[in-house]
Structure formats: structure tokens, C-alpha cells
Amino acid sequence: MVLSSLHNLAAGDGPSPVMPHISEVILGLVAFGLLLFVLAKFVTPRFEALYAERTAKIEGGIEKAEAAQKEAEAALQQYQAQLAEARAESARIRDDARAEAEQIKDELRAQAQEEAARIVAQGEAQLSAQRAQIVAELRAELGRNAVELASRIVGESLEDEARRRGTVDRFLAELDAVSAPAKS
Amino acid sequence: MGRLVLAEEGTFTPPGPKDFDFPPIFGDVTKPMVLIVLSVVIIAAFFLLASRKLAIVPGKFQFLAEGVYDFSRNGIAREQIGSKEFKPFIPLILTLFTFTLVNNVFGLIPIIQFPTFSHIGFPLALSILVVFPVYHIVGIRKFGIGKYLKKSVMPPGIPKLVYFLYTPIEVFLKFFMDPITLAIRVFAAMFAGHLILLVFTIGGEYLLTEASGALKPVSLVAFLMAIAMTFLEALIQVLQAYIFALLSAMYIGMALAEDH
């Protein structure tokens with residue numbers, strides 16, 4: 001039917017442009033099929049392989065970068081851990097040193113106090129010994145002076161008498177006995 | 001183009017459909033037939049050469065080929081069919097696009113100067129015998145014939161009475177109009193474009209040779225228009241190739257889509 005109408009038109013004013021030539025339809029189909037075959041068989045697989053390769057390459061690069069980043073992060077963490085450890089260590093050492101210093105200071109102080117106490121005690125003992133000595137000396141001196149003064153006043157020597165009777169010593173002992181309870 | 005001779009006795013015969021009817025070159029082979037074969041050779045050679053040694057970092061030639069390939073693959077096929085199912089259709093869409101593109105651009109190539117698709121037989125072969133069966137077959141293969149037909153012409157979510165109106169229209173569109181309009185769109189654009197170029201060039205030529213002295217310069221206007229129209233044609237030729245491939249991919253995408 002298409003052919004007959006085509007024929008009619010061709011006989012008249014020329015073929016109608018909207019009437020397809022059967023030969024052209026067939027040729028178009030074959031040509032297209034051939035091209036489709038070539039592109040599908042050879043061209044598309046190559047391009048798709050390229051695309052896949054490119055994607056793989058890019059993804060591989062990204063993966064590598066991610067791995068490197070992870071590694072760097074791990075290293076950083078390690079360094080930070082080490083740093084923290086070192087800080088703790090140094091703090092601990094400082095504390096120890098401080099405690100030790102404190103201890104040493106305490107020890108020294110105790111030692112010094114002990115020493116001071118010892119010196120004070122020694123001094124006191126010395127002082128009391130000297131005092132006893134001085135008191136004894138003074139007592140002898142005082143007795144002698146008193147007898148001398150009395151003999152001058154009385155006009156005769158009482159020295160022998162005094163020695164003989166121990167008068168002065170007795171008197172002084174009495175004085176001591178009177179003053180001692182008041183003093184203590 | 002020796003065929004575009006002026007009328008004998010100086011009367012102007014406007015170009016018409018007869019100018020699209022070529023005498024056979026040899027046997028039954030006419031110019032459009034030669035051009036179709038030439039386009040196949042050109043595209044196949046282009047892509048075979050370009051894809052011979054593909055590198056991750058493309059050279060200039062590979063970059064050009066990749067641009068065309070990428071446009072068909074990602075710009076048309078993936079966009080319309082969806083990134084899950086578009087892979088098997090890449091060769092089809094690539095072939096549709098490049099085949100149409102080269103044959104359209106033939107309209108502007110010197111000496112060739114004929115858009116092959118202005119003969120309706122070629123686009124009709126592609127749309128009715130290639131695209132039309134492909135999208136119905138992949139739809140039926142995916143959903144089964146019953147579900148596919150129901151999905152296509154009786155989508156859910158419409159009031160029952162509307163189906164009486166909707167379904168016949170959808171059947172008419174999906175099974176008759178879509179493939180025919182797909183072919184007619186590119187055919188008409190190429191036919192009309194070529195005719196316009198013929199009108200301005202032949203008209204200008206006629207004015208230059210036959211018009212009286214004072215009117216001769218008017219031919220300049222005709223030639224200028226012919227040049228302007230050539231640029232417009234270049235745009236339309238590329239655009240129509242894109243639309244042809246785009247709609248084909250869209251029909252396939254719609255056939256494969258889960259719901260309307």
C-alpha cells in the first residue's frame with residue numbers, strides 16, 4: 001500500500017516527503033545495526049574499562065590518602081601519649097624531690113634543735129658549776145674579809161680564834177639555811 | 001549542486017519536495033543512501049581510532065571522543081534511565097545520538113550538504129524498528145507483560161471513571177504517537193531547515209542572475225539570510241540529535257521506572 005501510494009505520488013508531482021522509501025528504511029536499519037554492533041562490541045567496553053580504571057585509580061588514591069592520614073593520626077596519638085607520660089614522670093620526680101627535700105629539711109631542723117638543746121644544757125651545766133665555784137670562793141673570801149674587818153674593829157686577831165671555832169662558817173651556814181628556803 | 005538548476009525561461013520555480021528526491025547515482029543507490037553508509041564509516045572510524053589506546057589522562061583526540069561518549073553516557077542515558085539500569089543502554093544511546101548527529105550535520109558540510117534524516121525513512125527506521133521495540137521489550141522483560149501494560153496504561157491512584165478517558169489516550173500515545181512523533185520531529189526539522197536554506201540560496205541566485213539591474217543587490221539580503229539560517233540550522237541539527245537520543249532514553253527510562 002505504501003509502495004502503491006508512493007508510485008502514485010511519483011507519477012504526479014513527485015514523491016510525498018512523508019512517505020518513507022522502503023529501501024531507505026531497510027538501509028537505515030542495517031546501517032544503524034552495524035554501527036550499534038561496532039560501538040557496542042569494541043568502543044563501549046573500552047570506554048567503560050577506562051572509566052572503571054579511572055575510578056579505581058581515584059579511589060585507590062583516596063584510600064592511600066586515608067591510610068596515610070590514619071597513620072599520621074596514630075603517630076600523633078602516640079606522641080601525645082608519650083608526652084603525657086613524660087610530663088607525669090617529671091611531675092612525679094619533682095614531687096619526690098620536694099618530699100625528699102622536706103624530709104632532709106626536717107631532719108636537719110631536728111638535728112639543729114637537738115644540737116641547740118645540747119649546747120644550752122652544756123652551757124647551763126657550765127654556768128651552774130662556775131656559779132657553785134664562785135659562790136664557794138666568795139664564801140671563803142667573805143669569811144676572811146669579815147674576820148679581818150672584825151679583828152680590825154675589835155683590835156685583836158681573831159683569825160686563829162675564828163679558824164678554831166669555825167664561827168664564820170657556822171654563821172654563813174645559818175644564813176644559807178635561812179635564805180635557802182626563801183629562795184627555792 | 002548541479003541539480004538545483006534554475007527554471008529554463010527565467011521563471012522562478014521555488015524549491016519543494018522534489019528537491020529532496022535524488023536520481024540514483026548507480027543502480028538504485030541514491031545520495032542519502034551513500035551518506036548513511038558514510039556516516040556509519042565516519043562514526044565507527046572515529047570511535048575505533050579514539051578508543052585504540054585509551055589513557056587515564058586523555059590526549060586531545062581522546063578528550064574529544066570522551067566528551068561525546070560522556071555526553072551520551074552520563075548526560076543522556078544515566079540522566080534518563082537512572083544510574084542503576086543505564087549501563088546496557090549506553091551503546092544504543094551513543095549510537096542513536098552520534099548517528100543522528102552526523103547525519104544531521106551532513107546538511108552543512110560542503111559538497112555533502114544534505115541532512116540525511118530529511119528523508120523520513122531513516123528516522124522512522126530508528127524510532128519504529130529500534131527504539132519502540134526496545135523500550136517495550138525491556139519493560140515487559142522487567143515487569144512481565146501484564147504488570148508492564150497495567151503500569152503503562154492504567155497507573156494506580158486515579159479515580160476509576162477517569163480510566164475510561166486515560167487508558168485509551170495512554171495506549172494511543174505509548175503505542176502509536178510516541179514512536180511516530182520521535183521520527184517526525186527530527187525529520188520535519190531537517191526537512192524544513194534544508195528547504196529554508198534552499199529557498200534563500202536559490203532565491204538569491206535567481207535574483208542575482210535574472211532580476212533587472214536595480215533589484216540585483218536584493219540578492220545580497222537573501223544570501224545574508226542564507227548565512228544566518230545556516231547558523232540556526234547548525235544549532236537545530238545538534239539540538240535535534242540530542243532530543244532524539246534524549247527522548248529515546250526517556251522512553252526506556254519510563255518503561256523501566258517502578259511507578260509512573
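In this report a residue is called buried if 20 or more other C-beta atoms lie within 10 Å of its own, exposed if 12 or fewer do, and partly exposed in between, with C-beta atoms placed from the backbone. The model is predicted, so that local features need pLDDT of at least 70 and side-chain atom pairs count only at pLDDT 80 or more, while totals for chains, interfaces and linings use all residues. Residues are numbered from 1 along each chain as its sequence is written, and chains are lettered from A and ligands numbered from 1 in the order in which they are written.

## The two chains

Helices (H or I, at least four residues) and strands (E, at least two) are DSSP runs, numbered from the N terminus. Chain A holds four helices and zero strands, and of its 184 residues 10% count as buried. Chain B has seven helices and zero strands, and buried residues make up 36% of its 260 residues. Two residues are said to be in contact if their C-beta atoms, placed from the backbone, lie within 7 Å. Among the contacts in chain B with a separation of 6 or more, 68% join residues 24 or more positions apart.

## Helix H2 of chain A

Helix H2 of chain A covers residues 22–154, and its 133 residues should span 198 Å at 1.5 Å a residue, which agrees with the 188 Å between its end C-alpha atoms; the expected span is 1.5 Å times one less than the number of residues. At Ala40(A) the helix H2(A) bends by about 40°, the bend being the angle between axes fitted to the seven residues ending at that position and the seven starting there. Because the number of buried residues in H2(A) is twelve out of 133, this helix lies largely in the open. The buried residues of H2(A) include Glu24(A), Val25(A), Gly28(A) and Phe32(A), and also Val147(A).

## Where the chains meet

The contact between the chains takes 34 residues from chain B and 30 residues from chain A. On the side of chain B that touches chain A, helix H1 (31–50), helix H3 (90–105) and helix H4 (121–143) each supply at least two residues, and the largest share, nine residues, comes from H1(B). That side of chain B divides into 27 nonpolar, four polar and three charged residues, where Ala, Val, Leu, Ile, Met, Phe, Trp, Tyr, Cys and Pro count as nonpolar, Asp, Glu, Lys and Arg as charged, and the others, Gly among them, as polar.

## Two helix pairs

Two packed helices are described by the angle between their axes and the distance between the axes. Here the axes are lines fitted to C-alpha atoms, for helices over the stretch in contact, and angles run from 0 to 180 degrees between N-to-C directions. A crossing is left-handed if the near helix is turned anticlockwise from the far one by less than a right angle, and right-handed if clockwise.

| Helix pair | Angle | Axis distance |
|---|---|---|
| H2(A) and H4(B) | roughly 65° | within 8 Å |
| H2(B) and H7(B) | about 35° | 7 Å |

The crossing of H2(A) and H4(B) is right-handed. Glu24(A), Val25(A), Gly28(A), Leu29(A) and Phe32(A) form the H2(A) part of this contact, and the residues from H4(B) include Phe122(B), Leu126(B) and Val130(B). By class, the contact of H2(A) with H4(B) has nine nonpolar, two polar and one charged residue.

Within chain B, H2(B) passes H7(B) in a right-handed crossing. Ser72(B), Ile76(B), Ala77(B), Gln80(B) and Ile81(B) of H2(B) take part, with residues of H7(B) that include Ala245(B) and Ala249(B). The contact of H2(B) with H7(B) has nine nonpolar, three polar and no charged residues.

Ser72(B), placed in helix H2 of chain B, is buried, with 28 other C-beta atoms within 10 Å. Leaving aside neighbours within four places in sequence, Ser72(B) is in contact with Ala77(B), Ile93(B), Leu94(B), Phe97(B) and Ala245(B).

H3(B) is mostly covered, with 15 of its 16 residues buried. In the loop between H3 and H4 of chain B lies Ile111(B), which has a positive phi of about 70° although it is not a glycine. Ile111(B) counts as exposed because it has 6 C-beta neighbours inside 10 Å. Gln113(B) is found in the loop between H3 and H4 of chain B, and has a positive phi of about 40° although it is not a glycine. With 15 C-beta neighbours inside 10 Å, Gln113(B) counts as partly exposed.
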